[in-house]
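Please walk me through this model in the viewer, one selection at a time. Tell me what to pick and what I will find there.

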Amino acid sequence: MMDFGRDQKIVLTIGAIIVLMLFSQIGTSTLLGMIVAAALMILGLVSYSRPTSVIGMLLASGSAAASIGQQSLTVVGNVLNAAIGLFVPIYLLAWIALSAEEESRPISLRRGPALMTTLYATVCLLSVGLVAFTLGVVAPAVSSGMSALMEIAIVLLTATMGITILTFRNPRPATTGLVEEESGSTTTED
Amino acid sequence: MRVSPLGNLLLVFCIAMAFASVLFMSISWAIVVVALASMFVYARLQFASELRATKLDVERSVLEKMIFAKEPVTVKVEMVNRTTTNIYGTIEDLIPDDSEVASGTNKFAATLRPRTVESFTYTLRFGKRGPHNVGGLKIERTDSLGLFVEDQVFGHPTPVNAHTKKGSFNTARRIAGKEHLEYSGPSRTPAAVIREQEFSGIRDYVPGDRARDIFWKALPKTNKLMTKTFVKETSLRTMLFLDCTRSMRSVGGGASKMDHAVDLAMQISNVLISSYHPTGVAIYDETSVMEITPPGLGKRKFEDIVRVLRHVPPSLQLKEVPQEEAAPFPNHVQDATRGSSGESVEFLSAIADIRGKGKDLGVDSAIKRLITHSKGQEQLFIIVSDLGSSRNAIIGAAKLCQQSGNRLLVIHTHDDWYRRPAEMLDATQVERMYENLSGYMKVEASLKGTGASYLRVGPADSASRIVRNIRRGLA
């Protein structure tokens, strides 16, 4: 069970935005976008406003995606770049923004969901490499000519398939507890 | 599990990012999609895991001993969270459709701490008499990141049975001391009150006969002593039958015949008990006597009668059939099925077939059994019915009473008088009502032909008015 205070969340937000900026090509628009995003997120955290924080997070994500010139994911260095410079900060920002409530609940990390999410993210990030490897074994000529569009398609397809599979099943109905007895009136009168 | 508006916003943003990724041919946008989708997946799996692990004990109790329609009823709900984590959400104790919260609230946001008993109380007002189910406990839960919403229901509904309105009980108590209803007849059993000694016949003198009973006028003619004999007359044992058949329960938009009949049965039986009539009540439907309490006297008897009347099924709100399509005077089972589905017609036709084969069903069979067990003791039977589904059975019962020397009073809840009394009628409707009335008058004639008493009542007729009419000989 983890419980982060507001100040810790602000520090984490600033840290995540700095990491995003470190990995991006900083232009005026990126800088402006990141500053506004950080301000909105901090404002949301201070005023316990989840919508404000979420808007800030979306702005930060958009700015980072636009400014980081991520190349092919077939190279290990690029994958690490994408994971550390983009995936982890955005994931962190999303979590902070979504938990920006006055009475935010402590985060209870359950092993099952955490493992499945890690697996999902890993598969998505390595999907291009895995496909390229498979194609390299099966059809080497196709593998060498993998375009950016194809890589995007592979990542998006994997992400969509993964999300569909993992959220397909509905949870079982909860345990209903004690069986209710007859009311006082019926027992006393009959 | 539903996705919250915030979750939908996140999904829409992901889709937009995916399009941007393709549009700008940059994989960075796709990475953002993966990051947000991962958050989405984690939130869902975590929430599903929380929902699965939730264990909540719910205990609901109704604090009042007697529950009346239109009167507040206090409901207490106790909850124990048996998990090790808090349960967050909006808690709502589900109430029946025909009831309303009178005071307090049955819905509020709460945090249920682990291993702690939490409770809340509110008052509820039931709209009508009959059985109701209160609960279970619904918790509208949101995941910790606000992306998903789920309604969970815990505990089982609590069945409660609401009596008729409290005013009806008060009326029953009030008129019991004021109104009197007396039906006297010969009795062979010890009675609480002997009304009078009725001349029975003359027999030969037996030593020990009282001098005042000797028929002196016969002595010169017969030259022997003769004795006049008398039978004691007491209040008749009375059985009140309440019709709970489908036609009686159906409500055609106006007042409920069944509810009115329950009030009348309760009030008349209390008047009879207060007049020292050993009184019992039975409720019956198309196939059987559902509940019965034998004739008796005393304060406890009224409580017994109330207990039996609590089992009267609730009224049925049937779909309205246009008046021009409605059948004229009911023939056999039509009245019972007016405004109801084809299934009802089939059901009642099946009942009619079974009755035709001589099976022991309905009120006539119940009366027959009571007469058989009475060992010749005269009895009074009062039937409150709309003469719909059980009309033939009641006519059969009247003939049976005539043959066995018992008395029968039919209180007819006239269907047309219970249908929207304030509504303006057109010519077709008036014609149909006239046909119905003339049809029922034939039934009345056939009942009176068998010596039964008959009284037609509407929703405005109170028990005291009915008692007075019976006493005046209008029945």
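Does B:E444 count as buried or exposed? At 15% relative accessibility, B:E444 counts as buried, where buried means under 20% relative accessible area, exposed over 50%, and partly exposed in between, with a 1.4 Å probe and protein chains only.

Some ground rules come before the next selection. This is a predicted model, in which local features need pLDDT of at least 70 and side-chain atom pairs count only at pLDDT 80 or more, while totals for chains, interfaces and linings use all residues. Residues are numbered from 1 along each chain as its sequence is written, chains are lettered from A and ligands numbered from 1 in the order in which they are written, and side-chain values use heavy atoms, with hydrogens and water left out.

**Stop 1: around B:E444**

Keep B:E444 selected and show helix α12 of chain B, residues 427-449, which holds this residue. Helices (H or I, at least four residues) and strands (E, at least two) are DSSP runs, numbered from the N terminus. Contact means heavy atoms within 4.5 Å.

**Stop 2: B:P294**

Select B:P294, in strand β18 of chain B, residues 289-296. B:P294 is exposed, with a relative accessible area of 51%. Apart from neighbours within four places in sequence, B:P294 is in contact with B:T279, B:G280 and B:K301. Then pick B:I305, 11 residues away along the chain: its C-alpha atom and that of B:P294 are separated by 9.3 Å.

**Stop 3: chain B as a whole**

Colour chain B by secondary structure to find 13 helices and 22 strands. Chain B has 475 residues, of which 53% count as buried. Among its contacts between residues at least 6 apart in sequence, 71% join residues at least 24 apart.

**Stop 4: chain A as a whole**

Switch to chain A, which has eight helices and zero strands. Of its 190 residues, 42% count as buried. For contacts in chain A between residues at least 6 apart in sequence, 69% join residues at least 24 apart.

The average for chain A is 80, and 82% of the residues score at least 70. Select residues 175-190 of chain A, where the pLDDT is below 50; beyond near neighbours in sequence, this stretch has 49 contacts in the model.

**Stop 5: where the chains meet**

Begin with B:I27, in helix α2 of chain B, residues 27-53. B:I27 is buried, with a relative accessible area of 4%. Leaving aside neighbours within four places in sequence, the residues in contact with B:I27 include A:Q70, A:L73, A:E151, A:I152 and A:V155.

Then widen the selection: 66 residues of chain A are in contact with 71 residues of chain B. How many salt bridges are there between chain A and chain B? The count is zero, a salt bridge being a side-chain nitrogen of Lys or Arg within 4 Å of a carboxyl oxygen of Asp or Glu.

Finish by showing the elements that give two or more residues to the side of chain A that touches chain B: α3 (50-67), α4 (76-98), α5 (111-138), α7 (148-166) and α8 (184-189) of chain A. With nine residues, α7(A) gives the most to this side.

Note on methods:
pLDDT is the predictor's confidence in each residue, from 0 to 100.
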